[in-house]
Amino acid sequence: MLLHLIRHPQPIIDKGLCYGSSDLAVAEEECRKVLDQLGSRLPPHVPVYSSPLQRCVFLAEPLAASLNAGPVHYDPRLMEMHFGTWEQRPWGDLPRAEIDAWASDVVGYRPGNGENVLNVAQRVDAFSADLLQRGQSQAIVVCHAGTIRLLQARALGLAVTKMAEHAAVNAHAIAFGELLTLQL
């Protein structure tokens with residue numbers, strides 16, 4: 001299956017805040033900019049799947065309409081990692097001991113008593129398995145940088161724990177509105 005992954009546009013939030021699964025809006029202008037950049041790079045009539053968080057919804061809806069893709073399929077398994085009590089706090093204000101604990105166990109540590117990378121990998125793996133069972137040749141997915149890194153690891157054929165490890169240690173910058181295509 002060919003997967004077209006799109007990271008949501010830049011959300012409306014102050015820089016330097018941890019915002020994982022916080023439900024943040026995006027400016028209409030940012031969505032239009034991403035839609036213009038995607039232009040004809042995406043195939044029409046291909047199902048669109050999306051995280052239910054606003055920053056994805058605001059792009060997924062007009063994107064699906066422009067591609068005659070039918071209704072968007074929202075799936076909470078595509079949401080970004082939940083950072084618990086760290087959500088919407090400045091990264092610089094987080095206790096150094098907690099940051100160090102996370103750095104020493106990136107896969108298993110639960111930042112702010114939220115989710116850990118392994119929890120998110122399990123969600124993303126279940127989504128991928130369900131998507132493959134649908135037998136579609138292509139799908140468009142609007143989601144988050146962390147989810148995209150996990151889908152990339154899944155495309156390598158890694159088991160869930162290895163997916164989490166790979167995504168945690170091979171983090172690379174995925175720009176807002178960036179399109180990545182991979183074979184799942």
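## Charged side chains

The protein chain carries 15 positive and 19 negative side chains, and the centres of these two sets are 3 Å apart. Lys and Arg are counted as positive and Asp and Glu as negative, while His and the chain ends are left out of the count. Each charge is placed at NZ of Lys, CZ of Arg, CG of Asp or CD of Glu.

This is a predicted model, in which local features need pLDDT of at least 70 and side-chain atom pairs count only at pLDDT 80 or more, whereas totals for chains, interfaces and linings use all residues. Residues are numbered from 1 along each chain as its sequence is written, and side-chain values use heavy atoms, with hydrogens and water left out.

## Overall form

The protein chain contains six helices and five strands. Their order from the N terminus is β-α-β-α-β-α-α-β-α-α-β. The radius of gyration of the protein chain is 16 Å, close to the 16 Å that the globule rule gives for 184 residues, so the chain is as compact as a globular protein of that length. Helices (H or I, at least four residues) and strands (E, at least two) are DSSP runs, numbered from the N terminus. The radius of gyration is taken over C-alpha atoms, and the globule rule is 2.2 Å times the number of residues to the power 0.38.

Along the principal axes, the C-alpha atoms of the protein chain fill a box of roughly 50 × 35 × 20 Å. Of the contacts between residues at least 6 apart in sequence, 75% join residues at least 24 apart; a contact means heavy atoms within 4.5 Å.

## Surface and burial

The protein chain exposes about 8,600 Å², and carbon and sulfur atoms supply 53% of this area. Accessible areas come from the Shrake-Rupley method with a 1.4 Å probe, and for residues only the protein chains shown count as cover. Buried residues account for 47% of the 184 residues. A residue is buried under 20% relative accessible area, exposed over 50% and partly exposed in between (1.4 Å probe, protein chains only).

## Nonpolar cores

The largest nonpolar core has 34 residues, and those with the most contacts inside it are L3, L5, Y49, W86, L131, V141 and L150. The elements that give two or more residues to this core are strand 1 (2–7), helix 3 (96–104), helix 4 (117–133), strand 4 (138–143), helix 5 (145–155), helix 6 (160–169) and strand 5 (179–183). Helix 4 provides the largest share, six residues. Apart from this core lies another, of 19 residues, including I6, V48, L59 and I140. A nonpolar core is a set of buried Ala, Val, Leu, Ile, Met, Phe, Trp, Tyr and Cys residues joined through side-chain atoms within 4.5 Å.

## Helix 5

Eight of the 11 residues of helix 5 are buried, so this helix is largely enclosed by the rest of the structure. The buried residues are A145, G146, T147, I148, L150, L151, A153 and R154. Their cover includes strand 1, helix 4, strand 4, helix 6 and strand 5.

Not counting residues up to four places away in sequence, L150 touches V120, A121, V124, M163, A164 and A167. After helix 5 comes G157, whose phi is positive, near 85 degrees.

## Residues in loops

H8 lies in the loop between strand 1 and helix 1 (28–38) and is buried, with a relative accessible area of 1%. Residues up to four places away in sequence aside, H8 touches Y19, R55, C56, C143, H144, F176 and G177. N68 belongs to the loop between helix 2 (54–66) and strand 3. N68 is exposed at 52% relative accessibility and has a positive phi of about 50 degrees although it is not a glycine.

Q88 is in the loop between strand 3 and helix 3. Q88 is partly exposed at 44% relative accessibility, and its phi is positive, about 65 degrees, although it is not a glycine. R89 also lies in the loop between strand 3 (73–74) and helix 3, and is partly exposed with a relative accessible area of 29%. Leaving aside neighbours within four places in sequence, R89 is in contact with G16, L17, C18, L94 and P95. R89 and K15 are 74 residues apart in sequence and 11 Å apart in space, C-alpha to C-alpha.

## E98 in helix 3

E98 lies in helix 3 and counts as partly exposed at 27% relative accessibility. Not counting residues up to four places away in sequence, E98 touches W86, Y109 and G112. The C-alpha atoms of E98 and W86 are separated by 10 Å, and these residues are 12 apart along the chain.
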